[in-house]
Amino acid sequence: MDKNKNVIVIKYGGNAMLDDELTSELLKNVVELFNYGLKIIIVHGGGPFIKKNLELAGIKSEFVEGHRITDGNSMRFVEMALKGEVNGNLVRLINNLGARAVGLSGKDGKLATAEKRFHYNEHKETIDLGQVGDVKNISPEIIIQLLNNNFLPVITSIATGDDGLDYNINADIFAGHLAGEIKADKFIMLTDVDGLMEDVENPETLITELPIEKIDGLKNKIIKGGMIPKTDACKIALKKGAKTAVIINGTKPGLLLKAAKDNNQLCGTNFIK
Ligand code: ADP
Ligand code: MG
């Protein structure tokens with residue numbers, strides 16, 4: 001890969017896409033970075049869009065401890081929502097802003113393979129969540145080809161397993177594996193809060209630096225809910241070879257530019273290896 005250009009993997013969450021104006025501001029920043037000469041990869045989620053599409057289809061999901069059971073029929077609608085709707089919209093918006101986006105899932109070019117993920121409940125019993133997976137393998141050749149030819153890959157975190165089934169993979173975790181595998185200069189996770197806070201209600205308790213070996217000890221104490229896969233993703237990325245990993249507030253215009261261009265330690269939560 002062209003060593004003179006920094007590679008930046010951006011994880012963009014579904015909750016941050018609900019507001020059209022904020023989405024447009026954010027994508028303008030993304031295209032500005034692209035035009036500035038950085039190699040940008042977007043990995044996106046889309047929880048709220050999955051929920052809406054399953055409701056529209058009249059599919060009643062079963063939940064275990066907050067995890068949706070995804071059977072084969074639900075998975076069809078998950079893919080329609082993520083790849084059809086969210087990915088298609090991001091590609092169109094980015095192209096309209098002047099960059100050249102290419103929409104992919106993990107299936108394209110065999111970028112990723114999946115393996116089934118089991119959930120363990122509080123009694124340590126194994127719960128089968130259906131077609132919910134983890135990353136088994138990443139082969140980033142397709143992404144490297146696209147970056148070297150000045151395209152901007154936009155990736156949905158769905159991949160196929162060895163059993164031939166499609167799996168929905170948590171987008172944070174998918175992005176962490178990809179950022180690590182391609183040894184990204186920066187792994188930037190955008191979310192709807194300033195970063196990891198000691199007290200979610202109090203932004204003044206923002207943790208600006210966190211060594212990755214401290215993550216496990218903070219789980220279910222400080223690190224809860226959506227922050228669990230995010231912090232795990234930063235750990236995976238740094239361990240596999242990403243140079244930096246940070247969680248920042250994607251709803252604050254301009255922060256992405258700052259995080260991507262400077263080595264500013266004050267943007268959000270920086271993870272240290
Ligand atoms: P995304 O769509 O960006 O993946 P999530 O809702 O999955 O967003 O994760 C972000 C959420 O994690 C925050 O909005 C917050 O409610 C929650 N959260 C849990 N623990 C913390 C914490 N210690 N600091 C900050 N946010 C936290
Ligand atoms: Mg999330």
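1. Let me start with Lys11: its side chain makes a polar contact with the side chain of Asp172, at 2.6 Å. Bear in mind that this is a predicted model.

2. Where does Lys11 sit? Strand 1, which covers residues 7–12, contains Lys11. Buried or exposed? Lys11 counts as buried, because its relative accessibility is 4% and the cut-off for buried is under 20%.

3. The surroundings of Lys11 are worth a look too. Setting aside neighbours within four places in sequence, Lys11 contacts Val43, Gly45, Ala171, Ala175, Phe187, Ile188, Met189, Leu190 and Lys230, as well as Asp172. So much for the lysine; on to the cores.

4. The largest nonpolar core has 42 residues, and the members that touch the most others are Ile41, Ile155, Phe187 and Phe271. Another core lies apart from it, with 33 residues, including Leu26, Leu33, Leu190 and Ile248. Phe187, from the 42-residue core, and Leu190, from the 33-residue one, both turn up among the contacts of Lys11.

5. What does Phe271 touch, not counting residues up to four places away in sequence? The list runs to Leu210, Ile212, Ile215, Thr231, Cys234, Leu238, Ala245 and Ile247.

6. On the rings: searching the whole structure turns up 0 aromatic pairs. There are charges over rings, though. Arg100 has its charged end over the ring of Phe151, 4.0 Å from the centre, and Lys261 lies over the face of Tyr36, with 4.4 Å to the ring centre.

Technical notes:
Residues are numbered from 1 along each chain as its sequence is written. Chains are lettered from A and ligands numbered from 1 in the order in which they are written. This is a predicted model: local features need pLDDT of at least 70, side-chain atom pairs count only at pLDDT 80 or more; totals for chains, interfaces and linings use all residues. Side-chain values use heavy atoms; hydrogens and water are left out. Rings of Phe, Tyr and Trp (its six-membered ring) pair if their centres lie within 6.5 Å; planes under 30 degrees apart count as stacked, over 60 as edge-to-face and the rest as tilted. A charge sits over a ring if NZ of Lys or CZ of Arg is within 6 Å of the ring centre and within 35 degrees of the ring normal. A nonpolar core is a set of buried Ala, Val, Leu, Ile, Met, Phe, Trp, Tyr and Cys residues joined through side-chain atoms within 4.5 Å. Buried means under 20% relative accessible area, exposed over 50%, partly exposed in between (1.4 Å probe, protein chains only). Contact means heavy atoms within 4.5 Å. Helices (H or I, at least four residues) and strands (E, at least two) are DSSP runs, numbered from the N terminus. A polar contact is a pair of N or O atoms within 3.5 Å; within protein, one must be able to donate a hydrogen and the other to accept it, and residues adjacent in sequence count only if both atoms are side-chain atoms.
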